[in-house]
Amino acid sequence: MRRFVNEFYELVTLDGEGVSRLALAAHELLENAVRYAGSSETRLSVAVSRASGSVEGHIVTENRADARDLDRLRAKVSEITAAGSSEEARRAYYLREMSRAAAAGGPGGLGLPRIYAEASMDLTVATVCSGDEQEQDQSVVVVTARTSGWRELSRGPGPGPGADS
Amino acid sequence: MRLEDLGWSQKGFQVVVTGSRERVVVDLVGDASLGTDRIGALVSGLHDEVVRKKTPIVVVDMRQLSFMNSSGFKCFVTWMCRINDLPETERYRVRVLSSPGMYWQSRTLQALQAFAVDVLEIAEA
């Protein structure tokens with residue numbers, strides 16, 4: 001999947017470092033979605049638009065989640081959004097989350113902070129009507145990661161796009 | 001426990017551990033997200049052995065590591081915490097060999113180094 005995202009974005013930009021960030025975000029979002037979706041379907045969408053040197057990338061996952069997981073997800077995304085969007089804010093938040101995750105033990109806890117800090121992407125969460133009355137105890141959750149002010153770099157003399165696999 | 005026994009090989013991911021009195025070397029090859037469930041045990045066992053043998057440095061070679069997911073990264077964060085929690089005289093260093101061709105490594109390792117500035121050093125090779 002990560003290779004697919006890499007190759008998809010390489011079709012529209014030569015900025016290998018940026019492509020790598022998008023692939024990282026796609027991987028983490030999809031892992032989260034699959035973890036909470038259980039046996040139900042998970043969808044991943046990737047999109048990119050370019051205008052005068054800037055690139056906007058969107059990664060969207062869509063899956064079912066129960067109310068408790070949805071509440072936790074909303075709380076985490078709200079916390080991340082409130083932390084700010086500067087690089088300093090992202091770094092400071094990530095360091096706090098690393099301490100918190102290590103103290104908490106167990107698996108998980110760093111996927112969304114990693115997207116926010118390492119990929120420097122902004123996160124939103126929404127729910128949509130499923131139209132499936134038999135699934136009333138679950139919501140369809142849409143999580144979006146969006147690049148924030150990504151200025152496209154040209155291919156330099158170093159490794160080109162696709163260096164990550 | 002022999003250090004070598006901490007390693008394993010699976011489809012798409014391989015861990016090789018070798019050691020001497022002076023240093024322990026951990027080679028990570030492939031996609032670590034395929035072996036996340038065993039990375040915690042790897043770094044925990046490694047830490048215990050290194051402390052027991054008073055080895056001054058662990059070298060983690062990530063030059064052929066194509067990716068590590070956040071669960072694997074968390075294992076490294078926890079490892080750094082365990083080293084920091086040691087009495088100063090028992091602490092050891094971790095040196096990571098990274099590849100500039102693996103773009104994710106730069107961001108991930110910079111974050112880890114900021115978290116464990118007195119423990120971790122990064123060498124691009």
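Visitor: Which residue stands opposite A:Asn63 in S4(A)?

Guide: In strand S4 of chain A, the residue opposite A:Asn63 is A:Val141. Please keep in mind that this is a predicted model, in which local features need pLDDT of at least 70, side-chain atom pairs count only at pLDDT 80 or more, and totals for chains, interfaces and linings use all residues. Residues are numbered from 1 along each chain as its sequence is written, chains are lettered from A and ligands numbered from 1 in the order in which they are written, and side-chain values use heavy atoms, leaving out hydrogens and water.

Visitor: How many bridges pair S2 and S4 of chain A?

Guide: Strand S2 (residues 54-66) and strand S4 (residues 138-147) of chain A pair over nine bridges, in the antiparallel sense. Two strands pair if DSSP finds at least two bridges between them, and the elements themselves are DSSP runs numbered from the N terminus, with helices (H or I) of at least four residues and strands (E) of at least two.

Visitor: OK, and what is the strand order in that sheet?

Guide: The order in chain A is S1-S2-S4-S3, an open sheet of four strands with antiparallel pairing. Strand S1 (42-51) and strand S3 (121-128) each have a single partner strand, so one side of each is left without a neighbour in the sheet. Neighbouring strands are turned by 20 degrees against each other on average, direction ignored.

Visitor: Which strands does H3 of chain A lie across?

Guide: Helix H3 (residues 67-82) of chain A lies across S2, S3 and S4 of chain A, and runs at about 150 degrees to S3(A). Angles run from 0 to 180 degrees between N-to-C directions, along axes fitted to C-alpha atoms, for helices over the stretch in contact, where contact means heavy atoms within 4.5 Å.

Visitor: Switching to chain B, how many strands form its open sheet?

Guide: Six strands of chain B form an open sheet, in the order S1-S2-S3-S4-S5-S6, and the pairing is mixed. Strand S1 (8-10) and strand S6 (120-124) of chain B are the edge strands, each pairing on one side only.

Visitor: Mixed how? Do S2 and S3 of chain B run parallel or antiparallel?

Guide: Strand S2 (residues 13-19) and S3 of chain B run antiparallel and are joined by seven bridges, with B:Thr18 opposite B:Val25 in S3(B), and a hairpin connects S2(B) to S3(B) through three residues. By contrast, S3(B) and S4(B) run parallel, with eight bridges between them, and there B:Gly30 has B:Leu65 as its bridge partner in S4(B). S4(B) also runs parallel to strand S5 (residues 93-98) of chain B, with five bridges joining the two, and B:Asp61 has B:Leu97 in S5(B) as its bridge partner.

Visitor: What does the side chain of B:Arg107 meet in a salt bridge?

Guide: The side chain of B:Arg107 meets that of A:Glu17, at 2.4 Å from N to O. The rule finds one salt bridge across the interface of chain B and chain A, counting a side-chain nitrogen of Lys or Arg within 4 Å of a carboxyl oxygen of Asp or Glu.
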